[in-house]
Amino acid sequence: MIEIRHLRYFIAVAEDLNFRRAAERIHIDQTSLSRAIRDLEDQLGTPLLVRLPRKLHPTPAGLRLLKEARKLLTRFERIKRTVRQTHALYQAPLRVGVADGIAQPRLSECLSGWRAVAPEVPVELTEMRVGELVGALKSEEIEVGFSFGIRDDEAIAQTPAWRYRLMAVLPRGHELTSREIVALSDLLAFPLLSCDEDCLPGLLWQMRTIVRKYINRATLAGEARTLSGYVTRIAVGAGVGLGDAGHAQTLRRSDVVALPVAEEEHITTFVLHKHQRFGIAGPVRRFLTHVGALS
């Protein structure tokens, strides 16, 4: 059977007209190369080269084979590229989970940026609660997750992805809305809306850490289970709140006002993945590098 390698070998010999130089060029033993050309001639049933003591010349059949072999190998390379491109287009997606109702511009920028740098690896996005996110990472139903943070878990790695400046979230008409910037001590003088620990644990922990720097015990106005519920409660005057500048950009509601706080405080969004004994898969590693470049 004539193989692609036979044609490659013959092209090298026909171009160099010297077995030694051709063997060096294609990194093969000269004896093996000579044998392969003999095999090719036997299979075609015709001599391809005139072998003189110090010279090689292609026969008319050899010249025709050289022409056709070059065209065939060019077409074969195109076929390989087409097959690889097709494989890339249908590559398994990178499964990403988003918890805590995160809707920050940075998340959108991250995912759209990934489409630009790695169009061959599409993203399959799933929204879920924190507990579901952790379970999905452990069972490898998803490869990557975004959250405001989870409890320490030996199976899961979580790394800061980005952070936004802390904002005071107030109902429209509140006395603090006349200011351009709000001191946390002034904000925390009012009943503060909190988050449900089961539904938004990471956000709650971050808020608590910040609040405890400025007041021993805040007066709580209740708990919200979702970010949309949190904002709605503030809008109807149930209390004041804390949020991040990213969600303030996204929401832009007419019934609430988001103002920067005077202190240098931030809310962090984390990217999570499962620890792997034998290393992180290539697409996941590339995605984590991409996220890290945004921070």
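Leu17 is found in the loop between H1 and H2, where helices (H or I, at least four residues) and strands (E, at least two) are DSSP runs numbered from the N terminus. The structure is a predicted model, in which local features need pLDDT of at least 70 and side-chain atom pairs count only at pLDDT 80 or more, while totals for chains, interfaces and linings use all residues. Residues are numbered from 1 along each chain as its sequence is written, and side-chain values use heavy atoms, with hydrogens and water left out.

Although Leu17 is not a glycine, its phi is positive, at about 55 degrees. Leu17 has a relative accessibility of 33% and counts as partly exposed; on this scale buried means under 20% relative accessible area, exposed means over 50%, and partly exposed lies in between (1.4 Å probe, protein chains only). A positive phi is also found in Asp100, a residue other than glycine, with a value near 65 degrees. Asp100 lies in the loop between E3 and helix H5 (105-117) and is buried, with a relative accessible area of 5%.

Two packed helices are described by the angle between their axes and the distance between the axes. For helix H2 (residues 19-26) and helix H3 (residues 30-44), the packing angle is about 105 degrees and the axes are 9 Å apart. Axes are lines fitted to C-alpha atoms, for helices over the stretch in contact, and angles run from 0 to 180 degrees between N-to-C directions. H2 and H3 are therefore roughly perpendicular to each other, given that angles under 35 degrees count as roughly parallel, over 145 as roughly antiparallel, 65 to 115 as roughly perpendicular and the rest as oblique. On the H2 side, the contact (heavy atoms within 4.5 Å) is made by Phe19, Arg20, Ala22, Ala23 and Ile26, and on the H3 side by Gln30, Leu33, Ser34 and Ile37. The residues of this contact comprise six nonpolar, two polar and one charged. In this classification, Ala, Val, Leu, Ile, Met, Phe, Trp, Tyr, Cys and Pro count as nonpolar, Asp, Glu, Lys and Arg as charged, and the others, Gly among them, as polar.

Helix H1 (residues 4-16) contains His6, and Glu15 is also placed in H1. His6 is buried, with a relative accessible area of 3%. Not counting residues up to four places away in sequence, His6 touches Met1, Ala36, Asp39, Leu40 and Gln43. Glu15 is partly exposed, at a relative accessible area of 33%, and touches Arg25 and Arg70 when residues up to four places away in sequence are not counted. Between the C-alpha atoms of Glu15 and Pro58, 43 residues apart along the chain, the separation is 9.5 Å.

Thr59 occupies the loop between strand E2 (56-58) and helix H4 (60-89). Thr59 is buried, with a relative accessible area of 11%, and is in contact with Pro47, Leu48, Leu49 and Val50, leaving aside neighbours within four places in sequence.

Strand E3 (residues 94-98) has four of its five residues buried, so it is largely enclosed by the rest of the structure. Strands count as paired if DSSP finds at least two bridges between them. E3 pairs with strand E4 (residues 123-127) in the parallel sense over five bridges, and Glu124 in E4 is the bridge partner of Arg95.

Strand E6 (residues 156-171) is joined to E11 by nine bridges, and the two run antiparallel; Thr159 stands opposite Val271 in E11. E6 also pairs in the antiparallel sense with strand E9 (residues 241-244), over four bridges, and with strand E10 (residues 256-260), over five bridges. Ala168 stands opposite Leu242 in E9 and opposite Leu259 in E10. Ala281 is found in the loop between strand E11 (266-274) and helix H11 (282-292). Ala281 is partly exposed, with a relative accessible area of 44%, and its C-alpha is 9.3 Å from that of Glu143, 138 residues apart in sequence.

With a disulfide defined as a pair of cysteine sulfur atoms within 2.5 Å, the count comes to zero. Cys110 is buried, with a relative accessible area of 0%. Cys199 is in no disulfide, and the nearest cysteine sulfur, that of Cys195, is 9.6 Å away. Cys199 also counts as buried, at 7% relative accessibility.
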